[in-house]
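Please keep the sequence and the 3D view open while reading.

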Amino acid sequence: MKVVKDIVQMQRLSQQLRLRRKKIIFVPTMGALHQGHLALIKHGHQLCSGTPHALIVSIFVNPTQFNSPKDFKFYPRTLPKDLSLLRHCKVDYVFTPSAAMMYPEGAETCVEPGALAQYLCGATRPGHFRGVITIVAKLFHIVQPDFAIFGEKDFQQLAIIRQMAKDLNFPVQIIGHPTVRESDGLAMSSRNARLSPEGRRRALAVVQGLREAKRLTSSGVRNVTRLKKAVRHILQEKGKIDYLELVDVQTLRPVKTIKQKTLLAIAIFIDEVRLIDNCLLP
Ligand code: AMP
């Protein structure tokens, strides 16, 4: 496994891989790796098993997608541990550029998302998805992947990246991977490490909320006001709800009744740590 810090070097390595007809699988991350990230890597290997391929992981805590300087400052950074985890996952290259290299002085161009960014995290974190898709577009130009794998935990991010890749004609296939959870159901997240033991217990309300919504919809409830009330009842007093929405799975627009596949999406602050999770209903 080779660690690459330089943009031009990474670009050249990717070009060489393409010349050698190797499929490039790319898993972008912000580090503080957990089993969720590793599952994306495994998915990548399985996707191209039997075909010559190279797996590239990027680790970059992207400053432009953070709304709060405090969140950026306290985002966990565990590079030595991350590298040792990746060594066990048959990763070929780890791309770890610096912020100064990714955003040199004078950089001013960005990629602006469309309507999908109006809702959910896009509504409560202005500019967040501009930061996300700008860095993803830059990484795609550098790594030149055939496949890029993203988690469904960040459902809206995945939808916006799919749209961006299509709109800007990136020759890359975007692959989604189901949310990987702890044994008690909590969605794995680098931010979980910042929870106090008591906050970690309260965070379970998110999964309980999702489960309750699933239970109600499978018993026939379709009214969104009723579903939201039931989930809010479970979440309140556990943290500060950032949003609790039921949205159309394609457009991400809020719905009033459940007629077709609907996404229940939750964002909540617990111990000042912002957690997100979602599930599909019914
Ligand atoms: P991050 O390092 O949080 O930016 O995440 C990097 C990638 O891992 C993104 O595509 C995330 O959606 C994905 N990811 C993070 N947590 C999970 C999880 N628990 N299950 C599946 N994918 C995840």
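## The shell around the ligand

Three elements, β2 (23–29), α2 (35–47) and β5 (147–151), each supply at least two residues of the shell around the ligand. The helix α2 gives the most, with three residues. The model described here is predicted.

In total, 17 residues surround the ligand. The closest of them are His37, Gly151, Asp154, Val180 and Met188. Sorted by class, the shell holds eight nonpolar residues, seven polar residues and two charged residues.

## Polar contacts and cover

In one, an oxygen atom of the ligand is 2.9 Å from a polar backbone atom of Met30.

The space that the ligand takes is the largest cavity.

## The chain as a whole

The chain contains 10 helices and nine strands. Its radius of gyration is 19 Å, close to the 19 Å that the globule rule gives for 282 residues, so the chain is as compact as a globular protein of that length. Along the principal axes, the C-alpha atoms fill a box of roughly 55 × 40 × 40 Å.

## Two backbone details

Most residues other than glycine have a negative phi, and most peptide bonds are trans. Two places in this chain can be read against that background.

Lys90 is in the loop between α4 (79–87) and β4 (93–95). The phi of Lys90 is near 50°, a positive value in a residue other than glycine.

Pro282 is found in the segment after β9 (273–281). The peptide bond that joins Leu281 and Pro282 is cis, with omega about -5°.

Technical notes:
Residues numbered from 1 in each chain as written. Predicted model: local features only at pLDDT ≥ 70, side-chain atom pairs only at ≥ 80, totals over all residues. Heavy atoms only, no water. Near = heavy atom within 4 Å. Polar contact = N/O pair within 3.5 Å; in protein donor to acceptor, adjacent residues only side chain to side chain. 1 Å grid on protein atoms, 1.4 Å probe; cavity = no way out; pocket = protein on both sides within 12 Å on 5 of 7 lines; lining within 4 Å. Sits in = over half its atoms within 2 Å of the grid points. Helix = DSSP H or I, 4+ residues; strand = E, 2+ residues; numbered from the N terminus. Nonpolar A, V, L, I, M, F, W, Y, C, P; charged D, E, K, R; others polar. Rg over C-alpha atoms; globule rule 2.2 N^0.38 Å.
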